[in-house]
Amino acid sequence: MGRWLRSIRLLIVGAALAVSVLVAIAMYWATTGVFERTVRQSAVDMSASLADGTFNAMYQIMRQGWSRAQLDEFLKTIRAQGNDSSTRIELYRGSKVIALFGPIEQPDADPLVLSAFATGKTQTQMHDGMIRYDRPLIAEAQCIRCHTNAKVGNVLGVLSITQSVGQITTKAHNELVNKLLIIMPIPLLAALMIALLLGRRMGRSIASLKNSISYLDRVEDLAHIRFSDAHTGFSELDDVLIEVDSLTDKVRHLAVDRDLLEFEIRLLERFVITSDVVRDWRRYVRDLLKEINTVQTVHGVFTAFAVGDRPANVEMFWFDAINETVAATMSQRVQQIVGETLGQVATDFVPRQHSLDPSGRPTLDNARHLDLRTKEITMDNPSIHGLVGLILPNTQNQSQVERLLIESILSTMLNVVGSVRAIEKHTEDLEFYATRDPLTQMYNQRMFWSLLDYEMGRAQRHGYSFGLFVIDIDDFKAVNDSFGHTFGDTFLCKVSECLNDALRTGDILARYGGDEFTAILPEAGEKECTMVAERLLARIRNLSMKTPDGHTVGVSLSIGIAIGPTHTDSARGLFAIADAQMYRAKLAGKNQFALPNPEEPLADLHDKPIEDQDILEALTEGQPTRIFFQPIFAIGDAVDEPLKNLLLERVAMEVLAQLNIGDRWVMARDFLGMVERRGQAETFDRQLMKTLISPQVATHCNGLIFVNISPRTVRAKSFLADVAHLMDTAGMARSRLVFELNERESLADLNLFDRFIEELHGFDFKFAIDQTTPGHWIFQHLRRHTVDYVKINADWLTNRSQIARDRAFIDSLLGLARALSVTIIAQEIQTPEQLSAVRMAGISWVQGPLFAQEMPLAELSPTDDEPTTESDTAT
């Protein structure tokens, strides 16, 4: 600071010296210029006077009529006078005078003389301390009497006077410098005095600033820096020092101590939510409270979070020791604040008290000395409403930095603790839904298999039997398609509640998927399972629901039962047996249950289950594909013709495939979903087409051949071209091949599908829409594409007479199909009632187990046009 003050003083002295020198130089320059101009003008005036005197003398002589001798003597006199007085006078005769009176002795005329003759004007020039004055002698009226060859105004001669002014100028310059040397110290001394005065005045304030800064260790020490009482003698400087006071106040409120800044950095690290924080967030709050008190006095904190539908838990953490009165008072205040914030009764929130290790500070014995600072958060997803608070000393002198620090601490606690509580809730939800079905809240398939494995092991260890039910809701697809998925979900929930009520206490019910449920009946044999199944069917018969359009829909079940470990000691095998019995009950007319027949072999029903990896390996290794066919017939009889008397023409065959996996033949419908998810659908479809398109198939299969392909295969660029080549090689007409695609899956990418249909018809193939449902999708297809065939399920047609919307939709579809020359095929016909509904709808192409079962190529005869019906089988 002293060095800085000395620098200021030196700067002032230097500035004064510089100003003095500049003033002296300016004075010298201005004085010299004025003097030189004055000397020059004086010399010019002197020369003019001398010229006037010389001319007047010469004129007086000329008036008396001077002789040549007198002229020479006059010239000699004026020239001699000039040499003695540093002045030279020359007279130059003009041409007109020379012509009358002859030349005289004179120097050669120089440019200045010639200029005077030419212009008739006096010429003045100063050079090298010499001033030259050339005055033209101009003829007047009285001159014409002697100079008869001249006119008034002619230049008769030039009088040239040269004088030296250098000595005069030098002498004056020296005198001026001497005077300036006397004057120059005066501003210098004045500047020094001003510098000393300013330095002394400023020194006092600067020394005060120096002393104040030397004691500055914390931001709060800025409050001791004051210059309002400083008087430098300069009002401007005093105003600056007052502004410095204002600046220190602003800095004090804005600046952050290093300790606070380091704490803020550590606080940011607290935002990282680790597994340890989630596991023990209370320890996190305790550690944070200890760390807060290293920079800010905080007696305690509290947290209150309501997550989802859970009530809020209030937790209080004390850093300092408190007595019972303070604890009760602050607990009541926290309850009131939490109640007001969360909109509930305050008495519902009784804080749970936590004490830390003794802080060493005095025990808090007066709640009036404590203040609460809080902050809340509200979120919709996940649903969280929370509040955190700090218990602080009750003081009004908090700086802006301290208030910001408290806000930062509250935000950190709010975010971290709120996130931890949300993670806890989310984790519990994940754990719940990892084992539960989101719709019905029952156990899901994953949990079912775990419980089934556990029950199988338990039954084997303790030597008892248990029952396994596979339950399928009859005709649920028709309900879902007719009334929408929202009603379908409500329908499933009602059925699941009814099933749960009908089971025994301790039985385990799970939703296996879609409309299929499973139930495990611990310690139950065939007798107990039969009783429970009958109770289930009885309860479900009494269940009915109102549809959105006012109709009443009933419910029926098909139940398959297996007894473990009686039927098999494999959990998957037991499920396969129960699943087979469920299909058996469904084929027998639905609304019933089925148990394995003791006389039937069970080996085929509980083989080792097929794993996904086995299927993928079979596809990769190119395992053989075996194909089956189900005939499609055209009915040529009247509507009321009995089934046994129907005349049917086999017009087409639908291809069904099996894949050899681990020495077993597995139907494609059992693994196609997995194949599509794993991206192997195109591989399977190509393998199927290579097996299907052969001379043997061409010989045995007359009519059309329907093949269902995956929507993923549509994206394959060369698939149709490769199939066309196979058809041509096998000698089969391309127009016999009909590609089927599921209705909804076909609409996943309409632009891609448009190109595929256009290319398909370009190769002369045909196109069929499978799994048509009562909705707008089928109309979208019929509007955009050339569709040759549309397949609808017989169950949908059965409901036609009961549901007005379905009836209107089917009638519209049939009318549109006739107008567009689209053939409708009714499939999955299993009962005479379904056949009757099909025929009433005017549909002549049919397919299903009622007419013919699936059969391999070897059993298929090219002339076998009459199907084996159920009545024939019974006979």
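Me: Leaving aside its neighbours within four places in sequence, which residues is Phe765 in contact with?
Reply: Counting contact as heavy atoms within 4.5 Å, Phe765 is in contact with Leu720, Val723, Ala724, Met727, Arg734, Leu737, Phe739 and Leu760, its neighbours within four places in sequence left aside. This is a predicted model, in which local features need pLDDT of at least 70, side-chain atom pairs count only at pLDDT 80 or more, and totals for chains, interfaces and linings use all residues. Residues are numbered from 1 along each chain as its sequence is written, and side-chain values use heavy atoms, with hydrogens and water left out.

Me: And which residues touch the most other members of the largest nonpolar core?
Reply: Leu692, Phe739 and Phe765 do, within a core of 73 residues. A nonpolar core is a set of buried Ala, Val, Leu, Ile, Met, Phe, Trp, Tyr and Cys residues joined through side-chain atoms within 4.5 Å, where buried means under 20% relative accessible area (1.4 Å probe, protein chains only).

Me: Which helix gives the largest share of this core?
Reply: Helix α21, residues 719-730, contributes 6 residues, helices being DSSP runs of H or I with at least four residues, and strands runs of E with at least two, numbered from the N terminus.

Me: Switching topic, what is the strand order in the open sheet?
Reply: Its 4 strands follow the order β1-β4-β3-β2 with antiparallel pairing, and two strands pair if DSSP finds at least two bridges between them. The edge strands, β1 (87-93) and β2 (123-127), each pair on one side only.

Me: How many bridges join β1 to β4?
Reply: There are 7 bridges between β1 and β4 (residues 155-164), and Thr87 stands opposite Gln163 in β4.

How values were computed:
Buried < 20%, exposed > 50% of the residue type's maximum accessible area, 1.4 Å probe, protein only.
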